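Reader: Could you take me closely through one part, and keep it brisk? I would like to know how it is put together.

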Amino acid sequence: IIAEKPKVAEKIATFLGDNVKRKNIKGISYYETNYGNDKLIVVSAVGHIYLLESKKGGYAIPVFDIEWVPAYKSNKQAAYTKDYIDLISKLSSECNLFVSACDYDIEGSLIGYNAIRFAAGSEEGMRMKFSALTKNDIINAYENMTELDYSNAIAGETRHMLDWYWGINISRALSQCARNSGLRKNLSIGRVQGPSLDILVKREKEIQSFISKPYWQLFALYKKTVFVHEKEKFWDETEAEKAFKNSDKKGKVKSMDVRDFNVSPPVPFDLTSLQIEAYRVHKFSPKDVLALTQTLYENSMISYPRTSSQQYPSSIDLKSIIQSLSKNNLYSKEANFLIKNNKYKPNNGKKSDPAHPAIHPTGVQANVGERERKLYDLIVRRFLACFGDPATKQSTKVVLKLGNENYVGKGIIVLNPGWIDLYGKYYTPDEEVLPKMQVDEYVNVDKLKKEEKKTQPPKRYTATSLIKVLEKYNLGTKATRATIIDILFKREYVKFKSIEVSLLGMAVHETLSKYCKDILDENLTREFEEKVVKIQENKEKQENVINDAKKIILKIIDDFKKNSDNIGKELRTAYYQSEKMENYVMPCDKCKTGSLIVRPTHDKRIFIGCSNYPNCKNAYPLPSTIKKAKFVEKCPKCGGPIMTYILSKRKVVKCANPKCI
């Protein structure tokens with residue numbers, strides 16, 4: 001039995017066997033046990049222990065002749081995988097049946113398939129399918145093994161090949177254009193990375209081209225409640241002023257509309273909705289959520305997190321999970337309420353996933369870190385809330401007639417909390433209590449005011465909101481979207497939490513859209529993603545998809561070659577402009593003609609030096625341990641630059657002139 005991670009291998013062995021013997025070779029653990037008459041050896045991979053690589057090597061393009069090789073031969077950082085491969089190969093000689101117990105998705109299926117066919121040396125095998133690391137789930141998965149899921153594995157292999165072809169060929173073509181122009185910087189663009197950058201650039205251009213327009217609003221303040229003029233926004237100040245003069249502090253309640261309505265319980269978490277909610281309540285990044293949920297999963301506390309389902313199927317023993325949670329003091333009150341009222345039917349969402357149910361707690365407890373506990377608490381509260389009653393709310397709309405003008409106040413209160421009590425602190429209140437009033441009642445408002453405001457540009461994406469957009473457009477997968485965004489940051493195409501496209505990112509996008517726009521085409525990327533799904537469903541052949549991809553990549557490479565000089569010059573110019581702007585400090589206070597910029601030394605430390613070097617040798621030192629420093633202002637004492645940076649986890653704001661006291 002081959003698991004995807006060491007901790008999972010240990011759990012599988014423990015759950016299946018009564019007399020488990022832990023052994024190791026070269027420090028790598030494996031387990032021997034029995035299940036009935038079956039003698040079991042349980043081993044672990046460590047994620048992808050085989051990687052794709054060009055058969056010929058070198059940097060020529062195009063490259064389509066690739067093969068799977070042991071990860072340690074392709075990547076020095078994967079040297080640790082050698083002992084795992086050797087262990088699987090050695091133990092395989094004792095076995096007559098090979099079982100993949102890796103995560104049940106196309107990545108896990110590919111990991112298991114590669115381990116079986118390359119390390120174990122078998123083209124055949126069986127598959128264990130489970131969505132939680134509990135004893136019942138593992139035993140059930142073993143007793144109901146199926147044939148190896150070749151379609152999942154081949155779909156995974158196809159996606160890796162597509163990513164490799166796009167990533168290696170296109171990135172090499174891009175980097176070659178840059179190097180030919182004298183820019184010694186590796187640039188990359190991938191199959192999903194390109195459309196993701198395109199989405200961000202479009203938003204950046206919307207913001208940059210946005211022209212703010214003034215508008216005016218009229219407000220009436222009555223007993224700490226704000227009433228807004230019925231027109232809401234006046235685009236003409238003269239009209240706003242006229243309405244303001246026609247308003248009077250004395251008036252009466254013209255109308256009142258009161259309505260009760262129900263708010264359904266929230267639906268179960270899929271990975272994307274969990275990432276969004278975890279950012280809202282804990283400010284956990286999508287990448288952090290992936291890591292934290294993996295830890296919770298491996299500790300048997302939650303179901304498999306990489307799911308796109310918002311449904312709990314009837315096959316899950318939800319009653320037992322709720323009963324288990326009732327024994328935990330943190331959740332006993334809410335769980336016992338559900339038990340007492342026999343509430344075991346969840347409010348399932350629309351999204352489904354054939355491989356895994358929505359994320360849910362298993363009822364198992366384990367010792368985990370503080371961040372994991374916070375995320376687990378959110379998952380449990382959401383799980384419990386899904387079984388609650390609808391909340392009943394009441395909305396009230398009051399219109400005040402003040403002089404000749406109408407002002408509207410809106411209130412909302414909770415009449416019956418229902419599921420809100422189960423979700424607890426994670427519920428976002430939207431209540432607004434209006435003063436008690438009756439129709440035709442005369443009122444004297446406390447204040448009337450007119451305010452000028454301006455329209456605001458669209459908000460920049462955060463990593464979390466961008467993931468939601470990528471999911472909407474079917475770009476990337478639930479497991480890869482966070483990594484794609486991380487790559488954009490590492491390539492310096494984007495910056496800041498509220499994502500802003502850098503000058504380099506804008507230049508790369510502008511160049512690609514001018515000379516080879518296919519790279520940025522979300523429709524093309526989505527089309528291939530849909531073809532991968534068809535391979536999973538046995539409706540498409542791998543060979544056809546790969547051949548289609550090769551044709552498109554050859555066209556893109558040809559576009560690069562035709563425009564190599566122009567692409568290189570534009571990238572080089574943009575890069576040095578962006579570098580200068582990113583590192584600019586202030587005009588040189590010595591030669592007066594150059595610019596002080598943050599520059600690296602030969603040993604990668606940074607200092608402040610003049611752009612006119614060697615003609616001007618004006619320079620200011622910075623602490624040797626810092627990697628980034630930002631200009632604040634010109635020092636009023638000496639005229640040097642005041643900089644801010646992080647030193648020993650402490651923010652420092654200091655003049656860089658060592659002679660300045």
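Author: Helices α6 and α19 lie roughly parallel to each other (an angle under 35 degrees; over 145 is roughly antiparallel, 65 to 115 roughly perpendicular, the rest oblique). This is a predicted model, with local features needing pLDDT of at least 70 and side-chain atom pairs pLDDT 80 or more, while totals for chains, interfaces and linings use all residues. Residues are numbered from 1 along each chain as its sequence is written, and side-chain values use heavy atoms, without hydrogens and water.

Now the geometry. α6 covers residues 150-180, and α19 covers residues 542-562. Helices here are DSSP runs of H or I with at least four residues, numbered from the N terminus. The angle between the two is about 5°, and their axes are 11 Å apart. Axes are lines fitted to C-alpha atoms over the stretch in contact, and angles run from 0 to 180 degrees between N-to-C directions.

Which residues touch? Contact means heavy atoms within 4.5 Å. From α6 come, among them, Ile154, Met161, Trp166 and Cys177. α19 answers with residues including Gln542, Val545, Lys550 and Phe560. By class, the contact has 17 nonpolar, 3 polar and 2 charged residues. Nonpolar means Ala, Val, Leu, Ile, Met, Phe, Trp, Tyr, Cys and Pro; charged means Asp, Glu, Lys and Arg; the others, Gly among them, are polar.

What about disulfides? The structure holds 0. A disulfide needs two cysteine sulfur atoms within 2.5 Å. Cys591 has its closest cysteine sulfur in Cys588, at 3.7 Å, too far for a bond. For Cys95, the closest is in Cys102, 15 Å away, also too far.
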